[in-house]
Amino acid sequence: MSGYSAGPIVVGVDGSDSASHAARWAAAEAAGRGRELVLVHAVEEVSLSLRIERLRDAARLRGKRVLQAAQESVREVAPGLTPRLLLSEQGAPAALLEHAGSASLIVTGARGLGPQGRFMTGSVPFAVATHASCPVAVIRGHTGEAAPPAEGPVVLGVDAGPSSEEAIAIAFEEAAWRGAPLLAVRCWNDTFLVAVYEEMRWTLDRSALEAAEREMLAQSLAGWEQKYPNVAVEQRVVRGRPAEELVAAGDGARMLVVGSRGLGGVAGMFLGSTSQRVVSAAHCPVLVARHRAG
C-alpha cells in the first residue's frame, strides 16, 4: 500500500515567504517522487468583485508575476522540473480544492496574504485541510517565516481512526525517502474513564491501560518496519491531550504526520479536533493524511 497516488503535487503560491517555502518544499517532493508540479495562484476575490477592469487586470498581472517568481524559485531546488502554472479566479481554497480529486498531494504555506497585503494565519490551510479528498501538507519552519527544517525525525500520530493506515504509509515513505528516523506516537487520555471509575468506585489500573495502548501501537505498525527495514523506528505511548503531546513531539522534527480524523485513544477524543489543533500549533510541516474509501 502506498500513502500517495501517482497524481501531481499541487501547491498554492501568493508571493509570501511562507508560500515560497511551500513551493520549494513541494518541488523537492515532486522531483524526488517523479511527480508533476502544479503552481496555483488565486487572484484576490476582493479584486474580482469590484467593477473596475483596471484593478482586475492589475490583479491578474500580479498573479502572473507571482507564478513566474515561484517558477524561478523552484528551479533552484529542482532544476530539471518544469512546473505547470495556473492562474485561478476562484479564490484560494476553491482553486486548490479543484485539484483534490486528481492530486497526490496539496501543499500550502502556513500563512497567506490578505486582500490588503496583511498576513492571515491559517484560513486557506484550514479550509483545504478540512475539505480536501487527498493528503494536504501545511509547510512552516520552527520559527516565524523560517524555511521548513531539513533535519530531525518524522513524527507520526497513530490512532484507530479510518485515516490512520494512510498516515502510517505516508510517514514511512517520507522517513525512508528523507533518510530520517521515525517516531510513532500514540496518545491516550483517561479523563473519561477516571470519572466513570470514580462514580462506580472501581480501581483504575493505568499500567494495564498503558500496556494495552503499547500493544495497539505495535499492532498498528506490524509489517511496516519489515517493509522499510532501513527506517529506524521509535514507538512512544504517552498519556495526555493528543494535540499537545503531538505538538511537543514535533518540536525539532522535520515533519509531523497525522490522520484527518484526529487522535482518539482510550477516551475517544472528538474526531478531527486534534488534527486541526496540530495544524495550527506545530512548529514544523504538518501532513494530514486522508482515508480513501473503497
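1. Basis of the note. The model is predicted; local features need pLDDT of at least 70, side-chain atom pairs count only at pLDDT 80 or more, and totals for chains, interfaces and linings use all residues. Residues are numbered from 1 along each chain as its sequence is written, and side-chain values use heavy atoms, with hydrogens and water left out.

2. Strand E2. Strand E2 covers residues 37-42, and six of its six residues are buried. Here, buried means under 20% relative accessible area, exposed over 50%, and partly exposed in between, with a 1.4 Å probe and protein chains only. Strands (E, at least two residues) and helices (H or I, at least four) are DSSP runs numbered from the N terminus. Leu37, Leu39 and His41 lie on one side of E2, with Val38, Val40 and Ala42 on the other, and both faces are covered.

3. Neighbours of E2. Strand E1 (residues 9-12) pairs with E2 in the parallel sense over four bridges; two strands count as paired if DSSP finds at least two bridges between them. Within this pairing, Leu39 of E2 has Val11 opposite. Between E1 and E2 the chain passes through helix H1 (residues 17-33), in a right-handed β-α-β crossover. Right-handed means that, with the strands pointing away from the viewer, the path from the first strand over the helix to the second runs clockwise. E2 also pairs with strand E3 (residues 84-88), in the parallel sense and over five bridges; there, Leu87 is the bridge partner of His41.

4. Strand E9. In E9, seven of seven residues are buried. Leu182, Ala184, Arg186 and Trp188 point one way, whereas Leu183, Val185 and Cys187 point the other way. E9 pairs with E8 in the parallel sense over four bridges, where Leu182 is the partner of Val154. The pairing of E9 with E10 is also parallel and has seven bridges; Arg186 stands opposite Val237 of E10.

5. Helix H10. Pro242, Ala243, Leu246, Val247, Ala249 and Gly250 are the buried residues of H10 (residues 242-250). They line one face of the helix, because they fall within an arc of 160° when seen down its axis; the arc is that of the directions from the helix axis to the C-beta atoms. The cover over these residues includes strands E8 (154-157), E9 (182-188), E10 (233-239) and E11 (255-259), as well as helix H11 (273-281), with contact meaning heavy atoms within 4.5 Å. After H10 comes Gly252, which has a positive phi near 90°.
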